[in-house]
Amino acid sequence: MLSFILKRLLIIIPMALIVVSVTWGLIRIAPGNFYDSDKPLPPAIEANIKKKYGLDKPVWQQYLRTMGNITCRTMDADEKTENGVQFGLFGYQMKCLDFGDSLKYQGQSVNEIIARHLPYSATIGLLAYLLALIVGGTAGMIAALRQNSSFDYISMAIAMLGLSIPNFVLGPILVIGLALGIYLLPPARWGGASSLVLPVITLSAIYAAYIARLTRAGMLEIMRSDYIRTARAKGLSEWTVLLKHALRGGIIPVVSFTGPALAALLAGTVVVERVFSIPGLGNIFINAVLNRDDTLVIGIVAFLSILIMIFNLIVDISYGFLDPRIRYD
Amino acid sequence: MAEEREIISGASLWRDAWKRLLRNKLAVFGMLVLGIMLVAVIVGPQVLYLATGYTADAIPADGNLIKSFPPSWAHLFGTDEAGRDLLARVLQGGRISLMVGIISTIVSLAVGVSYGAIAGYLGGRIDNFMMRLVDIIYAIPYILIVIVLLKVFGGSNTPILVSWVPAILTGFILLLVGIPAAVALYRNVGEYLDQRMRGFTLSFVSFIVGLVETLLLVAIIWSAASFVSSTSLGDRLSDFYTAKFDQSLSQIFLLFFALGLVSWLTMARVVRGQILSLKNQEFVTAARATGVSTFGIIFKHLIPNALGPVIVYATLTVPSVMLTEAFLSFLGLGVQAPYASWGSLASDGIKNIAIYPWQLIAPSVTMALTLFSLNFLGDGIRDALDPQTRKF
């Protein structure tokens, strides 16, 4: 078990490096530059900009420089930067995990930008997933236990509706209804718990719908299995059977959905951020890609890909706890 | 005798599934709505034009009509700010939305099925490598890939794309053929199926399949592009190569690819899992023992058995691709004016939601209804093909 976790943790490093390399290549293919504007720059200025950002060097040197920055490298004698983790090693000055300065937001490092905007996305993302788990999980459980009842049909129809309405439509409808119509909640911006309600509901709708469907399917499958019959046969109460035995196996599909869903929630809150004017990471990322803010794109992709892989690892580990039949070698 | 039993059982699998599907009221409802929607979208714009003279981009000549009117008998869905009939725009937008959904799904099917099947067939180290590649692409935010594709090949760069598409596809297929061919040099890849199924046969088959796929894809996308723009295929083809390509149309053309190329990953996983679980099952051994040929095993046993999840997943990919297209249109990256899709109409409507709510309601209700039916149909097909998961 421990060696499995270690192996998986170690493999995250090369995988993240490959992801960053592919991203680096992808944004290099895209036409244009971060300093492009409507008017062409005077050649002398362009040459200076290129020199400052090392764009005058051969491509392979630029690539190695980027990779060196985001992992570890020795610092140049004349280099003055506060970014990243710096320390001395055998007389060399080392620097690690420096994602550089943003090309568009002058004088701000990528690390700072991520640290500043992540909390917003993380707050609404985690709250939305929690809400989706509670609502979707409960609805799915009841639907599975009262199969073919009217509750089953109605909740599954609502879930299907949740999967069919884009959240950029749902958000404004909620704003019109609950914020502008009856002045119950603030329509946008960040401030206080009440401003979280609408974005969290909007964001959680589609996940609640997925989770309700997954829970229902998982529970139906489990309730038929032999070990549930055994548990009943040995005289356990229905509640014990349900909570101690069935639930553990029944939520496995939900658990495997959680890894990618959480990662998507942390990054993919763009729509909600735009509709509710929240300064989150998703919007920053889209703008960075559109503006060719290469360092910021690479920083966010590296951060997110590591996060995705860690979530997936946690999911894989939790399988072992949920289903004792799964073993790791 | 064996041959005859084979045919009967093969036919009854699909006939059974069809019967089960028809018993599922929600799935039938989904099919009906989808059928109506398809007919409306295909012939609707012409019928509406003949009946009323409205088209998706006809702006009224009378200046007093250039205003957003609420739904009325003259304009069933109302009009937009330029006085254009919303019903005509929703019908025309449906063409593009459904086309994006269907063609991107075909692209993802073509790539995902070949990739997953080959990974599953070969197994071992190559399977491991191919699946790690999928993991890596998974970890890159798909929006980055879509935006870069749209930027690299968008606008005036589209003629480059047109000459690249066959090259990229051929390259990809050569890769798919190359892997089994290389492996075949070392060992017999088809060992578990049949001694006759050597590496050469496998690479030959995948080469033919790849070739057919390429031709089909190019043909489908070109005819789709000409359908959207309602010009003849010949004109469209010559436009491609003389770079007189409509930039907004090229954006749609690109969306087919971009969305297809980011949605094949899960398909590849589904197919691989299916092939892995099938290739060692007893019925394959049993079929071989009764003397069924390799191709008989592949086409009568393995493919029909692997097809169920693929069809189900494809049905569910269409709505998810359509949602992604709507999301891209919301960000201003999707379908560009003068063309419109349900997504871009809805995102235009949001700007005026407080004053002209019908501009949002018309496209988004139509879209939600279509996605709703697609999802129900997908669920219905899954239940019909796999009675195990059906509610006992």
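The following exercises, each with a worked solution, concern a predicted model.

Local features require pLDDT of at least 70 and side-chain atom pairs pLDDT 80 or more, whereas totals for chains, interfaces and linings use all residues. Residues are numbered from 1 along each chain as its sequence is written, and chains are lettered from A in the order in which they are written.

**Exercise 1. Characterise the side of chain B that touches chain A.**

Step 1. Contact joins 32 residues of chain B to 36 residues of chain A, where contact requires C-beta atoms, placed from the backbone, to lie within 7 Å.

Step 2. The elements of chain B that give two or more residues to this side are α4 (124–139), α5 (142–153), α12 (294–330), α13 (342–351) and α14 (358–385).

Step 3. By class, this side of chain B has 25 nonpolar, four polar and three charged residues. Ala, Val, Leu, Ile, Met, Phe, Trp, Tyr, Cys and Pro count as nonpolar, Asp, Glu, Lys and Arg as charged, and the others, Gly among them, as polar.

**Exercise 2. Determine how α13(B) and α14(B) pack.**

Step 1. The two axes come within 8 Å and cross at roughly 150°; axes are lines fitted to C-alpha atoms, for helices over the stretch in contact, and angles run from 0 to 180 degrees between N-to-C directions.

Step 2. α13(B) is therefore roughly antiparallel to α14(B), the term applying to angles over 145 degrees.

Step 3. Residues of α13(B) including B:Trp342 and B:Leu345 meet residues of α14(B), among them B:Leu360 and B:Met367. This contact has seven nonpolar, four polar and one charged residues.

**Exercise 3. Locate two non-glycine residues of chain A with positive phi.**

Step 1. A:Ser277, with phi near 50°, lies in the loop between α11 (270–275) and α12 (281–290) of chain A. A:Ser277 is partly exposed, with 13 other C-beta atoms within 10 Å.

Step 2. A:Arg292 has a positive phi of about 60° and lies in the loop between α12 and α13 (294–322) of chain A. A:Arg292 is partly exposed, with 19 other C-beta atoms within 10 Å.

Technical notes:
Contact = placed C-beta atoms within 7 Å. Helix = DSSP H or I, 4+ residues; strand = E, 2+ residues; numbered from the N terminus. Parallel < 35°, antiparallel > 145°, perpendicular 65-115°, else oblique. Buried ≥ 20, exposed ≤ 12 C-beta atoms within 10 Å, placed from the backbone.
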